[in-house]
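Let's walk through this one together, question by question. Have a look at the sequence and the model first, then try each question before reading on.

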Amino acid sequence: MARYVAHRLLLLVPVLLGVAFVTFLTLHLTPGDPAQIMLGERATPEAVAALRERLGLDRPFATQFLRYLGRLATGDLGRSIQTNNEVLGELGLKFPATIELALFAMGVAIVLGVAAGALSASRPATLWDYLGTIGSTVGIAMPVFWLGLLLMLLFSALLGWLPFSGRLSPASDLQRVTHFYLLDSLLTGNLRAFGDSLRHLLLPGLTLATVPTAFIARMTRAALLEALGGEYIRTARAKGLSEPVVLLRHALRNALVPVLTITGLQFGTLLGGAVLTESIFAWPGLGRLTVDAIFARDYPLVQGCLLLFALTFVLLNLLTDLLYVRADPRIRYRPEPA
Amino acid sequence: MRTFVLTLATILVLTGSFLVLPVHLPAVPRTGEAVAGPAPLTGGTLIYGKPKDAVKLDPHNVTDGESFDVTRQIFDTLVQFREGTTEVEPALATSWRVSRDGLAWTFMLRRGVRFHDGTPFTAKAVVTSFERQMFKHHPHHRGPFEYWASMFGGYPGIVTRVRALDEQTVRFELSRPSAPFLANLAMPFAAIMSPAALERYGEDIFKHPIGTGPFSLVEWLPNERVVLQANRGHWAGRPYLDRLIFKPILENSVRLLELEAGTIHGMHGINTDDVPRIQRNPALVLHTQTGMNVGYLAFNTEKPLFRDRRVRQALSHAVDKARLVKGLFGAYGVPAQTPLPPVIWGHHEGIRPYTYDPERARRLLAEAGHPRGFRADLWAMSVARPYMPDARKVAEVLQAQFRAVGVEVRIVSYEWGAYLERSRNGEHDMLLLGWTGDNGDPDNFLYTLLSSDAAVRGSANNLAFFRDRRLDDVLRRAQALNTREERAPLYRKAQELIHEEAPWIPLVHSVQLGAVRRGVRGYALNPTGDHRFHRVWLEQPGGRP
């Protein structure tokens, strides 16, 4: 097991190298000289040349990339062109906001998705089942952007129950420790800030959770239906076990592996969805940082953001694979024989 | 105070020192609405929604309006634009004089002013704030300092020296006379910064802005909020607000929803389509202000086709400008008749616009040897610019209007960087572009955009590549003069020449929009694009937004 994990972690290196290369290449193939774009109407040839030199854009592509890799190897992601801040520091500030939002959304998605899927599967071809199926189809099809605005119109503008945007009310006085606001408010014993940040989390969290909830519900339903057809379920029922016990302890446990797979994959998609959700709800996270960086052609920052997204995605996949073992004792990991 | 300054100015005039020329009788800044309506109330917190967060809070080292919106509140400049105008008035300098040859500007500084860190404001702070920007070898010259270079022509550019004559007097020495010099010093990049803070924070100064302005920084959480508090000891009186919070909200529609719900007090960045909705809402007040900008069509006068003035005039007659602007800009633009926006002094009110007259256009084309019209390319930007949010649509309307007089236009677009580069090389027949001014000086438009000095291939800003000796002469003469009274007639003459020669079709001056809740008073938009909160107050300082 430990060897397997080590093996997988080693594989990270080529994956990240690949990501670094592809993003670097994409950015350089994107039309438009960043220096020209940054200076706009005021771009004189001298100013453009000076800026290109400062940004190192006047050197050949290979040189630029190798320099970047060299610095990357020492953990130096460079400095943001706009602010001259360390990219690593910028990421460190924004990443917690995104993770907090994503974890919350994932939690919601798992609870709602599994519950809806189980409900559908246990009552196939009933009103509940149809509702679940329709609901999940709509959930998958609905554009996040539109849903976010709709929820905001309803809960913030019409009903006035929840805040529109941001992570905290402008007047709140939370002391930041980890930059996970829920955690920080608990650590500093600031219960008002806890409630405040939870209220701010609800709408973006729900918006972000829609797509994964729908996928998880569908997968749970399908996997459960398959499991419920198994011989052992008949045995369990014959033993006189109550239906909830059969469903939850026997069938669901077996249906869990495919559900776990889809959950792991959805987490990645969710990080992508965070880009849109963060824009709508003015959530100061990694997604918005990426968008701003792209618009400003802040190459080092874009690169840092994408690397971090990739790293998170890969690590989440590893975590999912490891969770299989917990869910299904038959699965054992060994490095492949040479 | 006023008496003192007036006396000082009078003495200067009377002693008749022939070397100096007083150009301004200083006055204490006006206090906006305080004169007319109800007496302003003090206190309260105002939350203002903006489309983007500041990039850096170092005014010397940023170029974007969103950063300046914050630094404007924290820093003062030696002189400032009077609210709502481009008139220059005293700020940290109480008076100034310029030598007869226009090469030395001497500023008398305000006494008793302190930075937010408690250190006194002296001539040394002024010297440091400028030397940092102008000298590449200065220990705190870390960063691009792009504004300095663009306004003064490099490092150090036309300013050769900034010297403290004593604690309260500073002299700027210039390598050649520059009439817009004073207006440049009112721009936000000319902010005066605490030298002690610069020493203390070094490269991190952009997170710790220390100025003398009406508000000081409490906290800045990037992309989340910027919290400022009143500087109660400000030299022009404390701001009415206790606190000012900037909240970045990316989406225009979401920001408006928040304003409607009252979770923010004011905002800018308004979709044109949302204007009627704001006007209908009794809880909101819409503010508009013609910006210091122009969107135009330039004929490349180096191309044989457009060398003939009659062709340019013909196409000027072919454009139904009023309809174009009304249809595409709505409340967001006003038709332009000259390159100079009406908010800038020297704007010529008397220019008689080219009437919309297709018949006359056809006649002029025939006279010029094109009885059956011709074909040409019209370039349009692929990106939204402040003076023209959708250039493709403008191009399409022009295409239809030109077609009516027999001119077939092909619309061409390039990626933005390439567009600028190719147009500076003069590759276009006709192109759409625009300009946003920043120091409120006519020179910044007319000389920058239409003099032959600016028509050099590769670095041209004069994209009509228009070279006219009479115009050059007028513009250069205006540059060498120091008073507005002497310069204004020359700029009027320049606009007449431009109008007659028609190297451009000036199309539109875009309008800035802003909105506040009804209880917010003293909010005003400025032609310079600044948002200032010194004189903003709340009718209910204790109430929620």
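Q: Is Ile249(B) buried or exposed?
A: A quick note first: this is a predicted model, where local features need pLDDT of at least 70, side-chain atom pairs count only at pLDDT 80 or more, and totals for chains, interfaces and linings use all residues. Residues are numbered from 1 along each chain as its sequence is written, chains are lettered from A and ligands numbered from 1 in the order in which they are written, and side-chain values use heavy atoms, with hydrogens and water left out. Buried means under 20% relative accessible area, exposed over 50%, and partly exposed in between (1.4 Å probe, protein chains only). Ile249(B) has a relative accessible area of 0%, so the word for this residue is buried.

Q: Where in chain B does Ile249(B) sit?
A: Helices (H or I, at least four residues) and strands (E, at least two) are DSSP runs, numbered from the N terminus. Going by those runs, Ile249(B) belongs to the loop between β11 (243-248) and α7 (252-261).

Q: Which residues of chain A does Ile249(B) contact?
A: Contact means heavy atoms within 4.5 Å. Leaving aside neighbours within four places in sequence, Ile249(B) has partners in chain B including Lys50(B), Pro51(B) and Ile264(B). From chain A, the list holds Ser165(A) and Ala282(A).

Q: How many residues of chain A are in contact with chain B, and what area do the two chains bury?
A: On the chain B side, 43 residues take part, and they meet 38 residues of chain A. Buried area is the accessible area (1.4 Å probe) that two parts lose on being put together, summed over both. Carbon and sulfur atoms give 54% of that area here, and the total is about 3,500 Å².

Q: Which residues form the salt bridge between chain B and chain A?
A: A salt bridge is a side-chain nitrogen of Lys or Arg within 4 Å of a carboxyl oxygen of Asp or Glu. The rule finds one across this interface. Its closest N and O atoms are 3.9 Å apart, and the partners are Glu224(B) and Arg176(A).

Q: How many elements does chain A have, and of which kind?
A: Chain A has 338 residues, and 48% of them count as buried. Its C-alpha trace spans about 85 × 65 × 40 Å along the principal axes. There are zero strands, and the helices number 13.

Q: What area is buried between domain 2 and domain 3 of chain B?
A: Domain bounds come from an automatic or database domain assignment, which gives chain B domain 1 (1-29 + 60-205), domain 2 (32-51 + 214-287 + 517-545) and domain 3 (293-510). The contact takes four residues from domain 2 and five residues from domain 3. Carbon and sulfur atoms give 77% of the buried area, which is about 300 Å².

Q: How many salt bridges link domain 2 and domain 3 of chain B?
A: Side chains of opposite charge can pair when their charged atoms come close. Over all chains, the count comes to 38 salt bridges. Between domain 2 and domain 3 of chain B, though, the count is zero.

Q: Which residue pairs with Glu66(B) in a salt bridge?
A: Glu66(B) is in helix α2 (residues 65-74) of chain B, and its partner is in strand β2 (residues 45-50), 16 residues apart. Both residues of the pair are buried. The closest N and O atoms are 3.0 Å apart, and the partner is Lys50(B).

Q: Why are Asp473(B) and Arg477(B) separated by about one helical turn?
A: Asp473(B) forms a salt bridge with Arg477(B), with the closest N and O atoms 3.1 Å apart. Asp473(B) is partly exposed at 39% relative accessible area, and Arg477(B) also counts as partly exposed, at 44%. They are about one turn apart because both lie in helix α16 (residues 469-479) of chain B, at a spacing of four residues.

Q: Which side chain does Thr169(B) meet in a polar contact?
A: Thr169(B) lies in strand β8 (residues 169-174) of chain B, and this residue is buried because its relative accessible area is 11%. A polar contact is a pair of N or O atoms within 3.5 Å; within protein, one must be able to donate a hydrogen and the other to accept it, and residues adjacent in sequence count only if both atoms are side-chain atoms. At 2.9 Å, the partner is the side chain of Asp166(B).
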